[in-house]
Each structure stands twice: as C-alpha cells, then as structure tokens.
Amino acid sequence: MMFLACCYNDPDMLIDPETIYPTRADCQDAPKSRFKPQAIFLSKISILNPAESRQELSPRRTLSPRRWKLLFNEEGCLDAAGMIKRVQRGGIHPTIKGEVWEYLLGCYDPKSTTEQRNQLRQQRRLEYEKLKTKCREMDTTVGSGRVITMPVITEDGQPIEDPNSEGGASAGVEQQTSNEPLPKEVIQWKLLLHQIGLDVNRTDRTLVYYESQENLARLWDILAVYAWIDKDIGYCQGMSDLCSPISIILEHEADAFWCFERLMRRVRENFKSTSTSIGVRSQLTTLSTIMKAVDPKLHEHLENLDGGEYLFAFRMLMVIFRREFSFIDTMYLWELMWSMEYNPGLFSMLESNSSTSNTDAKDENTLKQCGKFEKKNLLTAKKDEQIPLSVFVVASVIEARNKRLLGEAKGLDDVVKILNEITGSLDAKKACRGALTIHEKYLTTVKAS
C-alpha cells in the first residue's frame with residue numbers, strides 16, 4: 001500500500017509566543033525560548049485506496065483555544081482528563097494560559113458549572129478588594145500605581161522621613177494621627193514593602209511588559225496584599241519571580257492574586273525560615289536521598305566534593321527554574337509539571353486545607369483525570385511521602401550531566417560551573433520525561449530496599 005504524507009497547521013496555533021511576551025530591544029541576549037505551539041496534522045493519503053487515507057495528530061499537540069472550548073459540556077463542567085492529556089503532550093496556547101492555569105492550580109473544581117464559577121470568581125474579587133482596601137488604609141501606596149523601594153518605617157514603628165518629599169514622611173506613609181503605637185503585625189508588614197519593591201523592579205526586566213509603571217505597580221500590589229494575609233511567610237526573595245508570570249497572563253488583578261495564592265500553597269514551605277535554616281532545605285535533603293537511590297556513584301562523587309547537601313540546587317527549587325529557562329519556557333515547564341501532578345480533587349483539598357487527597361486509586365475514571373506523576377503515586381500508595389515533581393526534575397537535570405560531573409568536577413566550584421551552563425539550553429519536555437523516569441526508578445529502588 002502506497003501512502004503520501006503531508007502536513008498542515010491549525011491556524012489557531014500559527015502564533016509565536018515571543019510576540020505575546022516580547023523582549024526589550026536592549027535585552028536580546030536573554031535566553032531564547034524553545035517552546036512553540038504544536039498543532040500539526042499528519043495526513044496519510046493512500047494512492048490505491050483513498051478510503052484508507054487518514055489523519056494522525058502530532059503527539060506533541062498544544063492545547064489550543066478551540067480545543068479548550070470543546071472540553072466543556074453545556075453546563076460548563078470541564079473534561080479534566082482531556083485537559084491534562086493535551087497539556088502533558090504539548091503545553092498550553094499562550095492566549096488561554098491564564099484560564100487553564102486556574103484549573104491546574106486548583107482555583108476551580110472541574111465539576112463546577114459556569115454559573116458556580118462565576119459566583120466564586122465574583123466572591124473572590126470582592127474579597128481581594130476588601131484585603132486591598134485594608135492594606136491601603138495601612139499604606140496609601142497600595143493601589144496608587146506606585147512602588148515603594150525605600151524603607152518607610154523603623155523596627156519600632158516610627159515613620160522614616162524622606163528628605164525628597166514635601167511632607168517629610170516617605171512616599172506612601174500616612175502621618176500617624178495619634179501617639180498610639182502601631183500593632184506588631186502592621187509594623188512587620190510595612191517593613192517588607194520596600195523589599196518587595198526592590199525585587200519587583202528587578203523581576204523579568206527583559207520583558208517589554210514591565211516597561212509600564214502600571215504593570216510594575218500591579219505586581220507590587222499583589223505581593224503586598226499577599227504579605228499581609230500570610231503573616232508567617234510575609235514576603236521572601238524569589239516570590240516575585242513566581243508571581244510575575246501569573247500577573248502577566250491573568251487579566252484581572254484579583255484573579256491573578258488568588259492564582260498566586262494557590263501556587264504559594266504548593267511552595268510556601270520552601271520559604272519558611274528560622275534563624276538557622278530555610279524550608280527548602282527539606283527538599284534538598286529529599287533530593288540527596290533520591291540521587292543516592294538512583295545514582296549512588298554520582299551521589300558519592302558529589303559527597304566527596306562536599307556537595308552532598310545539594311546546596312547548588314537551592315535556586316532551582318526556590319524559584320522553580322526561573323533562572324535556568326527563558327520566561328516562555330519556564331511557563332511551559334510549570335504547566336507540564338502541574339498537569340503531571342494534577343489530581344481532580346485538588347480544588348476540594350485546598351478548600352478544606354487538607355494536605356492529602358481522598359482520591360480512590362481503584363477508581364479508573366478518577367485515575368484517568370490524574371496526571372502521570374500523580375497517578376503513579378496513587379497506584380504505589382505513596383500518600384505518606386509527598387515529594388513534588390520539581391525535586392525529580394532537578395534530579396533529572398543533574399543526572400543528565402552525569403558524565404561531565406563525574407569526569408570534570410574536581411571541586412564544588414566545578415559542579416556549580418557545569419550546572420550554570422544549562423541556562424537557556426534545557427528542554428522542558430525532556431526534563432519532565434527524565435523526571436518521570438527517575439521517579440519510577442526511585443519507587444522501584446525504595447520498594448526493593
């Protein structure tokens with residue numbers, strides 16, 4: 001049987017993400033993006049028997065706007081299995097990232113109707129406005145379109161005077177109308193505002209988007225409000241890197257805030273710190289355990305170089321590869337990981353503040369709605385060990401450089417140098433595929449031991 005093969009593109013997908021998230025003209029040396037929406041149909045045409053001609057879909061097809069609409073039924077309930085299947089294959093089209101991320105991060109229940117989501121969205125927007133109003137009462141810079149980059153208060157709660165402002169007090173600081181001391185939690189929050197501003201001014205500055213003061217102020221507002229509601233964490237360096245993509249892809253500020261809040265639920269333990277340690281240390285310890293199990297030779301070599309604590313992977317875990325990938329490829333990596341970790345019970349879990357899912361591993365229909373990584377965990381009953389996929393992605397990146405690390409690294413500086421060279425050269429899909437392989441090997445090794 002003779003076949004002729006040809007291909008054509010879905011018109012919806014003929015878009016370059018670089019045109020949606022353009023880089024500033026003076027920052028053309030920024031890492032180049034590898035991700036491009038995939039939508040190629042392979043047409044196989046039989047010359048002898050046209051009836052046998054067929055179309056086959058490219059295995060890496062991106063979730064398109066058209067396909068996204070078709071995943072909802074008449075009531076507005078989402079086909080979660082269809083969503084994660086497509087995202088795991090080829091990511092999300094740039095124009096619908098915000099909508100899909102809200103599901104991947106658990107903002108909405110896939111079983112919810114359009115009406116239920118609209119009600120919840122409106123409720124959250126009102127709640128955010130209340131929170132923002134409260135913050136504005138404590139500091140008038142919130143919501144003003146400006147960003148604070150200088151300390152506005154002393155540790156004992158006294159306003160810091162700014163000689164460049166006519167009123168004497170720093171911009172955004174309301175003069176205290178009474179001699180009553182400020183509550184400790186207000187002082188603690190105000191002490192963070194300039195640090196948020198400094199980081200916001202450094203975040204994704206290669207993007208044209210942040211040439212706008214309005215967009216910088218929006219990111220600052222979201223982080224300032226979050227610092228108020230999460231008093232244990234407040235604000236830590238790196239959080240602006242996590243919030244920035246969300247602030248950019250979601251049009252409404254309140255929606256972006258709640259999406260970021262959901263992301264922080266996943267990673268906030270990394271930012272918990274004491275006088276002697278920071279939370280991400282626990283993930284570094286887990287990474288060490290994984291590497292020892294899957295590649296004992298490399299682990300021993302790194303230990304001999306005083307790298308057994310894997311501190312060189314600190315940044316990768318803290319900001320989830322923001323430095324190693326371009327802006328566009330970071331978003332692609334994140335959505336691949338979130339789709340692989342997806343559990344249809346995520347929304348209910350977050351609403352009830354539960355750390356574990358009640359998903360029945362024997363329910364075939366439910367398992368179809370779980371991502372590859374989550375499904376494997378459920379089938380192996382690893383509920384007691386909640387290791388995020390990001391740790392396995394880091395292990396995958398290290399393992400991929402096994403030969404160089406074993407052959408060239410004579411000291412910890414060499415390890416850092418070799419890993420720093422990966423910036424801009426990583427493939428998100430390969431990294432995730434490698435992570436799943438290491439996860440499988442790790443489970444097998446642990447089970448055998």
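Begin by selecting D306, an exposed residue (over 50% relative accessible area, with a 1.4 Å probe and protein chains only), whose relative accessible area is 68%. The structure on screen is a predicted model, in which local features need pLDDT of at least 70, side-chain atom pairs count only at pLDDT 80 or more, and totals for chains, interfaces and linings use all residues. Residues are numbered from 1 along each chain as its sequence is written, and side-chain values use heavy atoms, without hydrogens and water.

D306 is found in the loop between α11 (296-304) and α12 (314-318); helices here are DSSP runs of H or I with at least four residues, numbered from the N terminus. Although D306 is not a glycine, its phi is positive, at about 65°.

Next, select I320, in the loop between α12 and α13. I320 also is not a glycine and has a positive phi, of about 45°. Is I320 buried or exposed? I320 is buried (under 20% relative accessible area), with a value of 6%.

Now move to helix α10, residues 280-294. Colour the buried residues of α10: V280, Q283, L284, L287, S288, I290, M291 and V294. They cover an arc of only 165° around the axis, which places them on the same side of α10; the arc is that of the directions from the helix axis to the C-beta atoms. An α-helix has 3.6 residues a turn, so residues three or four places apart point the same way. On the face of α10 turned away from the buried side, select the exposed residues T285 and K292.

Finally, turn to the second largest pocket and select P31, D204, T206, R322 and F327, which lie nearest its centre among 26 lining residues. Two elements, α8 (239-249) and α13 (327-341), each give two or more residues to this lining. A pocket is an open set of points on a 1 Å grid over the protein atoms alone, where a 1.4 Å probe fits, with protein on both sides within 12 Å along at least five of seven lines; lining residues have an atom within 4 Å of a point. The lining of the second largest pocket draws at least three residues from each of domain 1 (115-160 + 181-270) and domain 2 (275-448), with bounds from an automatic or database domain assignment.

Notes: Expected span 1.5 Å × (residues − 1).
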